[in-house]
Amino acid sequence: MTRSVSSTSCFLGAILAALSNGCAKPSDAVPVEGHVSYKGEAIANGALMFFPERGRATLTNTDASGDYSLDLPPGQYTVIVNVGVKLPPGWKESDPIPPQKTVLPPDYTTRARSSLRAKVDKGLQEPIDFGLK
């Protein structure tokens, strides 16, 4: 009985190690930060998606000041920005969703039309800001 418990423990330990490594940032990841604004106003609580030339997109959110940060592997990225709806205090799921305060043009919100680009190099020191017009 001890042998099967030991084997099971090793197997579970290996699975946990593999899963925890899957969530770790890549070893060559570069810290990226910046600010997002539209017509001079910060985009609070927005979402940015960074699409690499190959592979999966990486999502990050802006804070109440329009600032964001994430870790990305070096490379060229196409970026899209989406603005969420601020729900009023006491809002319930059965309540209607309020209209968006800010509606961005498709040139910023769709990958196929986005003109937003980010170049991430090792040793990146400067923020990557997006001033949308």
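What share of the 133 residues in the protein chain is made up of buried residues? In this predicted model, buried residues account for 26% of the 133 residues in the protein chain. The chain's secondary structure consists of two helices and eight strands, and the points below move from the chain as a whole to strand 6, to Gly75 within that strand, and then to a pair of charged side chains.

**Overall architecture**

- Read from the N terminus, the elements of the protein chain follow the order α-β-β-β-β-β-β-α-β-β, which comprises two helices and eight strands.
- Among contacts in the protein chain between residues at least 6 apart in sequence, 64% link residues that are at least 24 apart.
- The protein chain has an accessible surface of about 9,300 Å², and carbon and sulfur atoms contribute 54% of that surface.

**Strand 6 and its pairing partners**

- Strand 6, which covers residues 75-83, pairs in the antiparallel sense with strand 3 (residues 46-52) over seven bridges, and within this pairing Ile80 of strand 6 is the bridge partner of Met49.
- Strand 6 is also joined to strand 7 (residues 116-120) by five bridges, and these two strands likewise run antiparallel; here Leu116 of strand 7 is the bridge partner of Val79.
- As a general point, the side chains of a regular strand alternate between the two faces of the sheet.

**Gly75**

- Once neighbours within four places in sequence are set aside, Gly75 is in contact with Ala118, Lys119 and Val120.
- For one of these residues, Ala118, the separation along the chain from Gly75 is 43 residues, while the C-alpha atoms of the two are separated by 8.3 Å.

**The salt bridge**

- A search of the whole structure finds one salt bridge, and Arg113 forms a salt bridge with Asp107 in which the closest N and O atoms are 3.2 Å apart.
- That separation of 3.2 Å can be set against the cut-off of 4 Å that applies to a side-chain nitrogen of Lys or Arg and a carboxyl oxygen of Asp or Glu.
- In general, side chains of opposite charge can pair when their charged atoms come close.
- Arg113 has a relative accessible area of 48% and is therefore partly exposed, and Asp107, at 33% relative accessibility, also counts as partly exposed.

Note on methods: Residues numbered from 1 in each chain as written. Predicted model: local features only at pLDDT ≥ 70, side-chain atom pairs only at ≥ 80, totals over all residues. Heavy atoms only, no water. Helix = DSSP H or I, 4+ residues; strand = E, 2+ residues; numbered from the N terminus. Contact = heavy atoms within 4.5 Å. Buried < 20%, exposed > 50% of the residue type's maximum accessible area, 1.4 Å probe, protein only. Areas by Shrake-Rupley, 256 points an atom, 1.4 Å probe, with all protein chains shown as cover. Pairing = 2+ DSSP bridges.
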